[in-house]
Amino acid sequence: MSKNQETNEYIGEQMKDFSSTTKIAPAIGNYHEKDELYDPFDHRDKTNATSDAGSATHLIKSSLGTGILAMPNAIKNGGLLVGGIGTILIGILCSHCVHILVKSSHVLCRRTKTPAMTYADTAAAAFESGPLRLRKYSNLARNFVNWALCATYVSGACVYIVFIATGIKQLGDQYTGMNISIRTYMLCLIPAVVLLGQVRNLRVLVPFSVLANLSLTVGFAITLYYIFNQIQPMEKIHYVTTWHQLPKFFATVIFAIEGIGTVMPIENSMANPRHFIGCPGVLNISMSVVITLYAAMGVFGYLSFGECAKASITLNLPEGEILGQLVQFLISIAILLTYGLQFFVPLEIIWNSIKHKFSHRWEVLGETVMRIFMVLLTVSVAMLVPDLDPFISLVGAVFFSVLGICIPAIIETISCWEAHLGVGYWRLWKNAFLVLVSIFALIAGSWISIEQIIELYTKSSPASSIATCTLNRSEMIVSSTSNETLISTTLDIVNGTKIL
C-alpha cells in the first residue's frame, strides 16, 4: 500500500468520527479551518462522566450555599423594588460571565487541540493565542487566576468561621445566660477546623457533605416556615434605599450567587458537554433555579423581618423557641462540616506551589504544618472582623467581583481581539462595561465595608450586632408601643418637675 493511500485512509477514518450534526462553537481570534476538524469533546475521558441532571445538581449546589441566608439583609440594603429586580439582573450578569468563560474555553480547546481546560488554563490559553504583545503574560494570567481562586476560597472559609461562631454564640448565650465574646467561640472551633483542614482525600469528605446537605435542607425548611409566617404589612417596607447602601447590596448578592470557581470542573466532567451552554442548557436551567431561589428568599425574608433583617436570616429566628434553636444548630453544623470542602481547593493550590521546596523526607510534615497554618490564618482573619455584615460584602466586593465578572470579560475580549468582536465591536463595549461594573463593586463595596469595619472597632463591640431587633410583627408592635409609652411617661415626669 502506498503512502498516499495510507494517508487518505487515515483522513477518511478521522472524517467518519466527525459528525455533521455536531454543534461547534464559533471560532474566535485567528480562524483556522483545521480548528473545526478537532472536537475536544470526543477526546475527553468519560469514564466517570456525569449526566446532565447530575451536572445541574452540582452547579446548583455550588451556587446555592450559605450566602442565601444573607439575601434578606441584601434586599434591606437595596430596598424591596431595587433589591428584588437588582438580584435578578445581577444573577443574569453572573450567568452571562459563566457563559462567556465556558464558550471561550470550548473555542480555545479547539485552537490548542486540548480536550479540556480549567479556569486558569483558559486564561493562559487566551493570552497565548491572543495579540502578540500579550502572549508573554500567559503564565502570569494562569498564576493570577489560580491565586485569585485560592484567595476567594480562603476568604470564603473565613466567612464560614464567622457564620459558625455567630450561630453558636446565639445558642451559647441563650443557655448559659452569659454574653461570651464571639472571639472565644472562634478559638473553641480551632481543634475541629484543624482536623477538617488535614483531610487530603475528597472521598473522606463525602459523608460530611451528605450530613451537611441534610442539615441545610432541614434548616432552610424551618427558616422558610418562619419567613412565611411573619410577613409584615407593606407600609413598613422601603422600596428604594440610599446610594450609600447600593454597593453593599451589590457585593452581598455577588458573594451569595457567584460560584464560578466550580464551573469548569463540572463542565469538564460532563458526559455531554455540548449541553452545558445553549438553550435551554444545563447552565441556563441551573442558574434560573438559583436566581429564583435567591430572589424569593431575599424578598420574602425582607418582607418578614423588615429593617431588622440581619446578616444571616437565622439570627432573626426566635431564640427562645426550640425550632429557632434547632435551625441555629443545624446551620452551624452544616457550615462546619462544609469547611473542609471549602478549604480543599486552596490548600491543594498552595501546597502544589511550594511542595518542590521540601525533600521527600519532610514532605508530609511540611504539608501538615502548611495546612495548620492556613487554618489558623482563617480563624485569625475571622477574629479581626467578627461581624458577618461587613465581612460578606467585603469578600464579595474584593474577590467575587474580580473572579466572577472581570476575568471572564477579559478572557473573551483577548480571545476575540483579532476578529469576531461583533458589529461595531459590541463585544468590546460589552466587556468594557462588565469590567467597569467589577471595578465599581470592588472600590465602592470595599470602601463601604471598610467603613463599617472601622465603625465596628470605634463605636461598638462585635457582640452588639448579634441581638438588638425584635423578631416578629406582634413583638415589634408591642416594643414600639412600650417605647412610646416610656417616652411619654418620661416627658410627663420632666414637665411635672418643671411645674413643681
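At 33% relative accessibility, Phe-358 counts as partly exposed, a class between buried (under 20% relative accessible area) and exposed (over 50%), with a 1.4 Å probe and protein chains only. The model is predicted, so local features need pLDDT of at least 70 and side-chain atom pairs pLDDT 80 or more, while totals for chains, interfaces and linings use all residues. Residues are numbered from 1 along each chain as its sequence is written, and side-chain values use heavy atoms, without hydrogens and water.

**Aromatic pairs**
- There are 5 aromatic pairs, counted when ring centres of Phe, Tyr or Trp (its six-membered ring) lie within 6.5 Å; planes under 30 degrees apart are stacked, over 60 edge-to-face, and the rest tilted.
- Tyr-339 and Phe-343 form a tilted pair, with centres 5.4 Å apart and planes at 45°.
- Both residues, Tyr-339 and Phe-343, are buried and lie 4 residues apart in helix H13 (residues 322-354), about one turn of the helix.
- Trp-351 and Phe-358 are also a tilted pair, with centres 5.5 Å apart and planes at 35°.
- Trp-351 is buried, at a relative accessible area of 4%.

**Cysteines**
- The count of disulfides (cysteine sulfur atoms within 2.5 Å) is 0.
- Cys-406 has as its nearest cysteine sulfur that of Cys-97, 9.4 Å away.
- Cys-406 is buried at 13% relative accessibility, and Cys-150 is buried at 4%.

**Helix H4**
- Helices are DSSP runs (H or I) of at least four residues, and strands (E) of at least two, numbered from the N terminus.
- The 33 residues of H4 (residues 80-112) should span 48 Å, taking 1.5 Å times one less than the number of residues; the end C-alpha atoms are 47 Å apart, which agrees.
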